Number of protein chains: 2
Amino acid sequence: MDNHDIKFLLSDAIPLDSEVTVRGWVRSRRDSKAGFSFVAVYDGSCFDAIQTVIPNHLENYSSEVLKITTGCSVEVTGLLSASVGQGQAREVQVTAITVIGWVDDPDTYPIAKKRHTFEYLRQVAHLRPRTNAFGAISRIRTTLSSAIHRYFHEQNYHWVNTPIITASDCEGAGELFRVSTLDLSNLPRSKSGAVDFETDFFGREAFLTVSGQLNAEAYALALSKVYTFGPTFRAENSNTSRHLAEFWMVEPEVAFADLNDNARLAEDFLKYIFKAVMDERQDDMEFFAQRIDKQAIERLDAVISSDFEMMEYSDAIDILIKSGEAFVYPVKWGLDLQSEHEQYLAEKHVGRPVILVNYPASIKAFYMRLNDDEKSVAAMDVLVPGIGEIIGGSQREERLEVLDKRIQSLGIEGDLSWYRDLRRYGTVPHAGFGMGFERVVNYVTGMENIRDAIPFPRTPKHALF
Amino acid sequence: MDNHDIKFLLSDAIPLDSEVTVRGWVRSRRDSKAGFSFVAVYDGSCFDAIQTVIPNHLENYSSEVLKITTGCSVEVTGLLSASVGQGQAREVQVTAITVIGWVDDPDTYPIAKKRHTFEYLRQVAHLRPRTNAFGAISRIRTTLSSAIHRYFHEQNYHWVNTPIITASDCEGAGELFRVSTLDLSNLPRSKSGAVDFETDFFGREAFLTVSGQLNAEAYALALSKVYTFGPTFRAENSNTSRHLAEFWMVEPEVAFADLNDNARLAEDFLKYIFKAVMDERQDDMEFFAQRIDKQAIERLDAVISSDFEMMEYSDAIDILIKSGEAFVYPVKWGLDLQSEHEQYLAEKHVGRPVILVNYPASIKAFYMRLNDDEKSVAAMDVLVPGIGEIIGGSQREERLEVLDKRIQSLGIEGDLSWYRDLRRYGTVPHAGFGMGFERVVNYVTGMENIRDAIPFPRTPKHALF
């Protein structure tokens with residue numbers, strides 16, 4: 001509650017020779033023959049721990065200090081001093097130390113000081129934020145999310161929290177989690193034997209949302225510029241390093257905007273949030289570059305300083321066909337691009353981020369705006385070197401008669417009368433996109449498995465903690 | 001995408017006599033005999049619409065302008081001018097106007113220009129953000145949420161998105177939504193006939209979270225200062241103006257903090273976010289004070305400028321007993337306080353916000369820290385004049401042996417081994433609180449029904465849109 005975050009103690013914010021109190025957890029202890037112990041204390045406020053130098057004449061030196069192990073919580077008081085050893089410029093010359101919480105059986109402490117595999121750490125997700133890597137990931141998440149809210153607030157966007165529980169399925173994807181309070185041991189049934197959802201909590205079948213977009217459109221067509229930032233869900237039974245059942249998504253939606261405006265927004269937005277990371281979290285980015293992915297810093301700098309290239313889907317298909325590359329998946333107009341294709345385009349062909357536009361209508365969602373060629377829609381995917389697609393969006397179909405044709409051909413009229421109203425009353429061109437937050441966290445940090453980009457991952461057979 | 005938000009046009013940001021373009025929706029049209037039409041255009045960037053003055057010599061005056069109705073979308077170009085009429089200082093002298101989207105059958109437009117009841121507007125929740133009241137509520141939500149993130153980011157808190165889907169029930173409340181992908185028409189059963197959740201998506205029963213606190217504690221005990229801001233759920237079958245099945249909650253959690261620190265944080269935090277509303281949304285607050293609740297502005301100002309009073313639960317009971325008030329619910333040490341009691345304390349007895357502390361253990365959750373008297377816990381509720389409780393929190397039980405006794409007496413050991421680990425390894429005193437976001441929105445705006453504080457309310461039998 002005071003200003004003694006280690007972040008400040010290691011900066012110039014507090015003058016040398018001040019008496020300071022540090023509260024945190026022990027990273028390591030080393031005892032010197034010269035009559036001192038060196039205890040590194042970490043409090044999460046920045047990447048680094050602060051070194052505290054504890055003289056052996058302290059009353060509790062033998063009884064406590066010499067028993068301190070990694071993970072103990074301590075309160076340390078002393079003088080903030082210039083460090084004589086190498087490493088940090090500052091350390092604390094300790095006049096008093098209290099051990100607040102011991103580590104029960106240090107030999108079996110699940111995250112004792114040694115390297116653990118990320119796979120192992122997922123099993124102790126309640127303790128992994130105490131490690132260097134997951135502390136750094138947490139700070140990157142905070143910085144990114146703050147930057148996202150700040151970007152939109154500065155530009156007069158309104159944050160709309162679209163519903164988590166929904167009776168409709170925006171994408172027509174079909175892989176939904178059911179939300180229910182029905183007693184499974186005694187399900188109510190109609191005369192035909194079907195489950196009777198009229199007695200369920202919402203009086204009908206209800207699911208977890210896969211996207212807030214359709215609801216966000218209702219607000220964009222009232223307030224011009226809105227965004228969502230909330231959890232979304234996929235009940236996809238995929239056990240891969242790229243799938244989460246629960247993840248966070250950012251979805252801006254802008255009235256009076258077309259596909260070009262949308263592309264400019266995506267570029268400006270990505271650069272802004274990446275710049276915030278480089279400005280605020282240099283310490284953590286250095287860690288990722290050293291330990292996780294050598295390219296981590298260069299990759300962000302490259303996105304920040306490059307002009308994104310706009311490219312037609314049709315041109316991309318030509319380029320891929322002529323590339324001579326041996327792709328695993330086929331390339332042909334009308335087929336969706338796979339990650340290998342996206343990475344070829346962004347990394348090898350263009351060498352910087354690419355915004356692919358105007359995809360075949362047949363592979364895209366019903367709400368995307370039909371182009372004049374009547375076979376493509378005003379969709380866009382932002383592809384970045386390293387992972388491929390990082391943002392997907394489109395201009396929305398604002399013309400009621402065109403939308404109706406699409407809805408009818410897909411047979412999904414039922415739930416969409418309210419969505420049609422948005423086109424019946426004061427319709428305007430509008431556009432937006434979605435960005436999976438954890439995917440961006442992985443891109444920034446270089447972490448490979450998306451389960452490491454979110455505090456408590458939910459995947460098939462896993463809802464621990 | 002340009003700088004022509006009406007917010008800027010009405011401020012001094014853009015010089016008079018600039019040519020400007022306005023895009024938005026028509027609030028009203030009035031035709032003068034002098035050969036002009038006055039069309040008020042709104043874009044959601046601020047409370048006010050801007051008046052546009054359209055001369056009858058425009059080419060599309062008869063064919064379009066005279067047919068414009070409330071809700072039409074328009075693009076207007078003209079000269080930003082000092083207004084000669086009363087009302088706003090600025091208006092647009094129009095040189096060109098395009099109607100982008102008409103209103104299909106203006107006579108049946110669900111939110112045509114007249115007063116509607118809030119109850120009616122809930123049935124058209126996809127269109128209600130176009131009204132004055134719900135536009136204002138949306139902007140207040142944005143301002144509050146931005147202020148919340150900014151407050152915590154400035155103070156070096158980390159945002160932790162705790163899981164939405166969970167296999168445990170933090171509060172022991174029991175009113176949970178089940179999350180499942182089981183086929184209800186063909187439920188898998190064990191030999192005993194019970195539903196077999198092993199084949200469900202997560203391999204066990206799973207629910208929607210009621211609080212992120214326990215998970216947030218894991219992060220506070222690694223990174224010191226964290227907060228959550230996400231959706232939470234209650235499957236309570238209550239059809240009242242105070243209950244939502246889905247609502248957003250803010251939950252800070254701070255290591256090395258006790259109940260006093262927690263109380264100071266709550267006071268400082270509330271004042272900060274209310275001040276942000278007064279600074280940024282004067283226009284909307286004036287609307288609420290004029291149309292919804294005369295006290296709206298005074299009430300916030302009073303909270304911002306007052307010192308919150310700390311009061312023991314025991315003292316509060318004495319005060320209530322001696323008050324001579326005829327309460328509906330009984331008052332006695334050991335019973336929880338009802339809204340009428342809370343409002344008496346904050347409004348009548350103290351006349352400003354009260355932080356009640358040290359409640360009977362028997363009425364509070366297992367994780368709250370037992371006081372030395374062994375019958376009360378270090379809980380706190382922040383009560384504000386007008387609605388009573390706005391924040392509830394506590395210092396957490398950091399002593400493993402005391403926590404274990406409590407867990408055992410409640411018979412809830414099963415899922416909590418990971419939570420116990422947080423006390424086994426470097427435990428520290430820590431504290432936090434929860435604040436229901438929609439309750440705060442109601443407090444700020446003076447809106448009475450919580451279904452009007454969230455874009456798409458979820459309540460029993462209602463999951464529309």
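Reply: Start with a loop. Ser323(B) lies between α8 (313–322) and α9 (339–350) of chain B, in the loop that joins them. This is a predicted model: local features need pLDDT of at least 70, side-chain atom pairs count only at pLDDT 80 or more, and totals for chains, interfaces and linings use all residues. Residues are numbered from 1 along each chain as its sequence is written, chains are lettered from A and ligands numbered from 1 in the order in which they are written, and side-chain values use heavy atoms, with hydrogens and water left out.

Me: What makes α8 and α9 of chain B helices here?

Reply: Helices are DSSP runs of H or I with at least four residues, strands are E runs of at least two, and both are numbered from the N terminus. The runs 313–322 and 339–350 of chain B carry the names α8 and α9.

Me: Why does Ser323(B) count as being in polar contact with Leu320(B)?

Reply: A polar contact needs a pair of N or O atoms within 3.5 Å; within protein, one must be able to donate a hydrogen and the other to accept it, and residues adjacent in sequence count only if both atoms are side-chain atoms. A polar atom of the Ser323(B) side chain lies 2.7 Å from the backbone oxygen of Leu320(B). The pair therefore meets the distance limit.

Me: How far is Ser323(B) from Asp284(B)?

Reply: Their C-alpha atoms are separated by 38 Å. Along the chain, the two residues are 39 residues apart.

Me: How do you know that β1(B) pairs with β2(B)?

Reply: Two strands pair if DSSP finds at least two bridges between them. β1(B) and β2 (residues 36–42) of chain B have 7 bridges and run antiparallel, so they pass. Val26(B) has Val41(B) as its bridge partner. The two strands form a hairpin with 3 residues between them, and Gly35(B) in the turn has a positive phi of about 95°.

Me: Which other strand of chain B pairs with β1(B)?

Reply: β4 (residues 73–82) of chain B, antiparallel, over 7 bridges. There, Trp25(B) stands opposite Ser73(B).

Me: In what order do the barrel strands of chain A run?

Reply: The closed barrel has 5 strands, β1-β2-β3-β5-β4, with mixed pairing. Its neighbouring strands are turned by 55° against each other on average, direction ignored. Within chain A, β4 (residues 73–82) and β5 (residues 90–101) run antiparallel and share 10 bridges. One bridge pair is Leu80(A) with Val92(A).

Me: Why is the pair Asp104(A) and Arg424(B) called a salt bridge?

Reply: The rule asks for a side-chain nitrogen of Lys or Arg within 4 Å of a carboxyl oxygen of Asp or Glu. The closest N and O atoms of Asp104(A) and Arg424(B) are 2.9 Å apart, so the pair qualifies. The rule finds 4 salt bridges across the interface of chain A and chain B. The side of chain A that touches chain B gets the most from α3(A), with 11 residues.

Me: How do you know how much area chains A and B bury?

Reply: Buried area is the accessible area (1.4 Å probe) that two parts lose on being put together, summed over both. For chain A and chain B that comes to about 9,600 Å², 61% of it on carbon and sulfur atoms. Contact means heavy atoms within 4.5 Å; on that basis each chain gives 120 residues.

Me: Which strands pair across the two chains?

Reply: β8 (residues 178–180) of chain A and β8 (residues 178–180) of chain B, antiparallel, joined by 3 bridges. Val179(A) stands opposite Val179(B).

Terms used: Axes are lines fitted to C-alpha atoms, for helices over the stretch in contact, and angles run from 0 to 180 degrees between N-to-C directions.
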